[in-house]
Amino acid sequence: LLPGRKVLCLSNMGDDITLKFRQKLLLVDDNLGNEDVAALKFLCVDLIPFKKLESAQSALDIFQLLMAEEYLNEEDTFLLAELLYRIKCHFLLQKLNYTKERVQEYLPEKGRVSPYRQMLYELAENITSEMLKEIIFLLRDHLPKRQPIISALDLLILLEKQGLLTESNVKMLEEICTSVSPDLLETVNSYKREKDVICKLTSLNVLWRNYKRTGKKFLHWASLIYYLFLLLVSLPQQENTLPIKESALPGSTKMFSSPQTFITSSLFNTFIETISFFPLSFLQKLTSYKMDGPKRGFCLVINNVKFDGDLRERKGSCKDAGELERVFTWLGLEVKIYKDQTSKEIKDLMETWQDSKNHINRDCFICCILSHGDSGAIYGKDGELISIRKIMSYFTAKRCPALAEKPKLFFIQACQGKKIQCPVHVEPDAQVPELPSVQQRISPSESIPEEADFLLGMATIDGYASFRHVEQGTWYIQALCSKLQLLVPRGEDILSILTEVNEDVSRRADSLGRKKQMPQPAYTLRKKFIFPVPRDPPPS
């Protein structure tokens, strides 16, 4: 073994554990710090008696406890791989002959860390030192005065010990998150939504068994439809979710229903059996935005090419505008193109369309803006910035009732950072260096109005440039139009399409292979947004 290494309790691991397996554990232990060990202990709380975990001083101690509980052995190292994956020590997975992708593949079937524990760990990861001080102050009457709290994990363990935090009672956690940082509350809400889904699935399972036993009696059939509807509308739409707990039904095995969510096999089979009685179009209508009105909607394209002052001409932008017009016309929208608009003209334009009565009988609204930009904003022709949030806010339900509960999509082709030197034929849509930045950095999610039914597709992440070929147009808009033509006929929803756009753009580079770009969507959509498949073939 390694000279001078502390081999804690390895002599008791049993004769069946080979030297090679011990070496793997030692190598993993060598690469874990104190914070990693604390995280491992926290994630194992539901698997190992807490008193035993408290005495663990190193990763090797935890490995021995896992082996004693028969969670870890030479033939099955997946639990350790899962733990390393969850604490983001992905580089250590190869020492166990795993990859990050392989662990993700097996998690739905073999994962052991409960959704509750995952939720707490995610919270702890996002609680800053300042937040921790505020939380300790708020809970000063509930916490022992002599016991120091070093980390968020320590605090959560203490709350669990005192019975203030349990798998079925996270009320105190909600109150803390609301007071200290409402952003943390979404992690707790995601966990609660998953628990709600499993309850509905359990009820559906009982009703389905009764239905199969008694025949098509009206009461059971009506109840079945009712619970199916509740389940469908409560399933998380367009968002990541936590896995549903394995032990929701005793004796059941797990299988996955999506990359992020898995449910018990028996309940999943019940769900599939039940929905097979319903036409696909009926189910899709329950989970997708209505897109079967007499008219699809309007698509505005603001194409700023020439600018006053020092902002350069955006050569190639007319190629993007023409492609957007062709594709969205093919998708059934009425496209309106506005060229070289000042910041005031853009605001006036938004006010005009905000007050338009023509939205009433239309399914959706789309706005594409092609311009130079800075963090969270785009430039008008006059060189004045207008925030993206301001532009989108004209179409909230309160200010534009005709578009209430209808999807509103905004696609922004503009840099979100300083100009970057690029080879010839590839230019960034950024401000020139001499112009001072008047904006603080703003993330795409902060640009979206605080209400539902918005999607914002950004050509690049905050702080970075996006790229434009002077003849072929921008990487982002060309990829967007290409993927819409390819995937709409296949029935893909808009977020799936934008994921493919991300993949396309991320693979592109300038002629020297040095410049890259990554788009970023943000959204408050409540349902899937799926374009109806056009009768005509794609325009190109």
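**Close-up views of a predicted model**

At 49% relative accessibility, Glu-130 counts as partly exposed. The structure shown is a predicted model.

View 1. Glu-130 pairs with Lys-133 in a salt bridge, with the closest N and O atoms 3.7 Å apart. Both residues belong to helix H8 and sit three residues apart, about one turn of the helix. Lys-133 is exposed, at 55% relative accessible area.

**View 2. A salt bridge between two loops.** Lys-381 forms a salt bridge with Asp-308; their closest N and O atoms are 2.9 Å apart. Lys-381 is in the loop between strands E7 (377-379) and E8 (385-387), and Asp-308 is in the loop between strand E3 (295-303) and helix H15 (317-330), so the pair ties together parts 73 residues apart in sequence. Lys-381 is partly exposed at 22%. Asp-308 is also partly exposed, at 37%.

View 3. Glu-334 and Arg-362 form a salt bridge, the closest N and O atoms being 3.5 Å apart. The pair links distant parts of the chain, with Glu-334 in E4 (334-339) and Arg-362 in E5 (362-370), 28 residues apart. Glu-334 is partly exposed at 35% relative accessibility. Arg-362 is buried, at 9%.

**View 4. The second largest pocket.** Its volume is about 880 Å³. Of its 33 lining residues, the closest to the centre are Ala-38, Ala-39, Ser-151, Leu-153 and Asp-154. Helix H2 gives the largest share of the lining, eight residues. By class, the lining has 20 nonpolar, six polar and seven charged residues. Domain 1 (14-113) and domain 2 (119-207) each contribute at least three residues.

How values were computed
Residues numbered from 1 in each chain as written. Predicted model: local features only at pLDDT ≥ 70, side-chain atom pairs only at ≥ 80, totals over all residues. Heavy atoms only, no water. 1 Å grid on protein atoms, 1.4 Å probe; cavity = no way out; pocket = protein on both sides within 12 Å on 5 of 7 lines; lining within 4 Å. Points joined across faces, edges and corners; volume = space filled by probe spheres on them. Helix = DSSP H or I, 4+ residues; strand = E, 2+ residues; numbered from the N terminus. Nonpolar A, V, L, I, M, F, W, Y, C, P; charged D, E, K, R; others polar. Domains from an automatic or database assignment. Salt bridge = Lys/Arg side-chain N within 4 Å of Asp/Glu carboxyl O. Buried < 20%, exposed > 50% of the residue type's maximum accessible area, 1.4 Å probe, protein only.
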